[in-house]
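Please read it next to the sequence and the model.

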Amino acid sequence: MVAYTFYASDNRVRRYAESLVKRGDSVDVISLAHPGETGTTVLNGVRIYPIQKRAMNETGKFDYFFRTSLFLVRSFLFLTRRHVRARYDLIHVHSVPDYEVFSALIPKLFGAKIILDIHDIVPEFYAGKFKTTEASSIFKALILIEKLCCMFSDHVVISNDLWAHTLTRRSVRKAKCTTILNYPDPAIFRRREVPRDANAPFTLVYPGTLNWHQGLDIAIKAMALVIKQEPMAELHIYGRGPEESNLKRLTESLSLTGAVKFKGNLSLEDVVVKMESADAGVVPKRASGFGNEAFSTKIFEFMALDVPVIVSRTKIDQFYFNDSLVMFFEPDSVNDLADKIIGCIRDRALGTRLIQNTRAFIQEYSWEVKKDMYFKLVDSLVA
């Protein structure tokens with residue numbers, strides 16, 4: 001596995017790697033390191049090689065491109081050395097960025113099979129992150145890179161059905177592409193019966209990267225309205241990202257430091273406990289651009305933990321969910337989100353009904369049910 005991510009907190013990469021180890025495969029992960037993290041570690045049988053540190057503080061296009069390109073060079077050298085010593089059968093490269101797949105060039109020349117796993121579709125991701133348009137030359141260049149990366153790969157995995165339609169229309173044949181959603185792994189996302197204090201504030205939780213398209217500023221502004229009617233409500237934000245400083249300034253300007261709390265990064269196991277102890281989860285994505293079609297695995301994860309979710313009514317979320325499963329609010333609407341949060345606080349039976357409705361649904365959309373799809377893909381490539 002090669003991924004420009006922090007392995008311990010990345011559910012999608014961990015789910016693949018640990019599932020393969022459990023069935024008897026040998027798995028290495030080449031990934032990022034947090035500042036201060038050094039050396040090879042082993043987590044649940046997976047060997048982790050953190051080859052590059054990353055602070056979540058990219059300030060512009062060049063900064064982001066430089067860091068991902070440096071990771072490409074380092075992972076290329078690492079994979080080449082490792083492959084010479086003991087050949088890999090399969091290299092599963094996780095995008096973003098797509099061009100990281102070329103780190104596996106030498107192993108591919110010597111027979112290794114390559115999976116390109118597109119977590120976020122890069123041209124649209126880039127346009128959303130750096131406020132460019134589809135008419136820009138950079139966007140068109142990224143589509144060309146996407147096509148080249150798909151051609152280089154033996155198979156392409158894409159993370160939702162809307163993006164599968166886009167990708168197979170412009171960059172890869174349908175027969176060479178498989179859709180695998182971010183299904184929650186019940187080995188991690190299972191109820192631990194975390195006790196809840198009946199006298200504690202109503203706690204709303206967001207776990208994830210702090211990017212602009214995630215709409216955390218909308219949730220913070222909504223909290224300013226919520227606490228006027230429900231002063232004991234709190235929003236807890238777990239994660240880091242490029243918008244963190246802006247979000248903290250917004251929180252301070254609205255005098256919400258007691259109601260909106262930034263908790264930083266936690267390991268996947270630790271953040272699961274915080275998610276389960278929440279009264280509700282919130283996914284406040286914008287419906288414009290990238291966020292409209294970016295599937296949020298957090299919704300599945302909250303469902304697996306019996307936590308009701310308040311969700312922006314985006315195109316992708318309407319594709320998979322309905323009002324019996326989540327509490328929708330109108331995208332970008334601070335007032336509607338505030339109304340839904342207040343409604344959830346005052347009508348606890350509503351949350352209970354959503355939980356009951358999602359239990360059968362999430363059993364079908366569980367990694368335990370879907371993982372054979374991935375195993376069959378792996379085995380077909382290395383047979």
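Strands here are DSSP runs of E with at least two residues, numbered from the N terminus. By that count, Ser95 lies in strand β5, residues 90–95. The model is predicted, and the points below are grouped by topic.

- Leaving aside residues up to four places away in sequence, Ser95 touches Leu116, Asp117, Ile118, His119, Asp120 and Val122.

**Helix α6**
- Helix α6 spans residues 161–170, and its buried residues are Leu162, Trp163, Ala164, Thr166, Leu167 and Arg170.
- The cover over these buried residues includes the strands β6 (113–118), β7 (155–158) and β8 (177–179).
- Helices also contribute to that cover, among them α4 (122–130), α5 (137–152) and α11 (315–320).
- At the start of α6, Asn160 places a side-chain oxygen within 2.9 Å of the backbone nitrogen of Leu162.

**Nonpolar surface patch**
- A nonpolar patch on the surface is formed by Phe102, Leu144, Leu148 and Met151, which together have about 390 Å² of accessible area.
- Met151, one of these residues, sits in helix α5.
- The relative accessible area of Met151 is 61%, so this residue is classed as exposed, for which the cut-off is over 50%.

**Aromatic pairs**
- The whole structure contains 21 aromatic pairs.
- One of them joins Phe65 and Tyr99 edge-to-face, with 6.2 Å centre to centre and 65 degrees between the planes.
- This pair links distant parts of the chain: Phe65 belongs to helix α2 (residues 61–85), while Tyr99 is in the loop between β5 and α3 (105–109), 34 residues apart.
- Phe65 is partly exposed at 47% relative accessibility, whereas Tyr99 is buried at 14%.
- Phe319 and Tyr320 form another edge-to-face pair, with 4.9 Å centre to centre and 80 degrees between the planes.
- In this pair, Phe319 is partly exposed with a relative accessible area of 48%, and Tyr320 is buried at 11%.

**Aromatic cluster**
- Phe319 and Tyr320 are also members of one aromatic cluster, together with Tyr183, Phe295, Phe300, Phe321, Phe361 and Tyr365.

Conventions. Residues numbered from 1 in each chain as written. Predicted model: local features only at pLDDT ≥ 70, side-chain atom pairs only at ≥ 80, totals over all residues. Heavy atoms only, no water. Buried < 20%, exposed > 50% of the residue type's maximum accessible area, 1.4 Å probe, protein only. Helix = DSSP H or I, 4+ residues; strand = E, 2+ residues; numbered from the N terminus. Contact = heavy atoms within 4.5 Å. Polar contact = N/O pair within 3.5 Å; in protein donor to acceptor, adjacent residues only side chain to side chain. Patch = residues over 30% accessible without salt bridge, like charges linked within 9 Å, V, L, I, M, F, W, Y side chains within 5 Å. Areas by Shrake-Rupley, 256 points an atom, 1.4 Å probe, with all protein chains shown as cover. Salt bridge = Lys/Arg side-chain N within 4 Å of Asp/Glu carboxyl O. Phe/Tyr/Trp six-rings, centres within 6.5 Å; stacked < 30°, edge-to-face > 60°.
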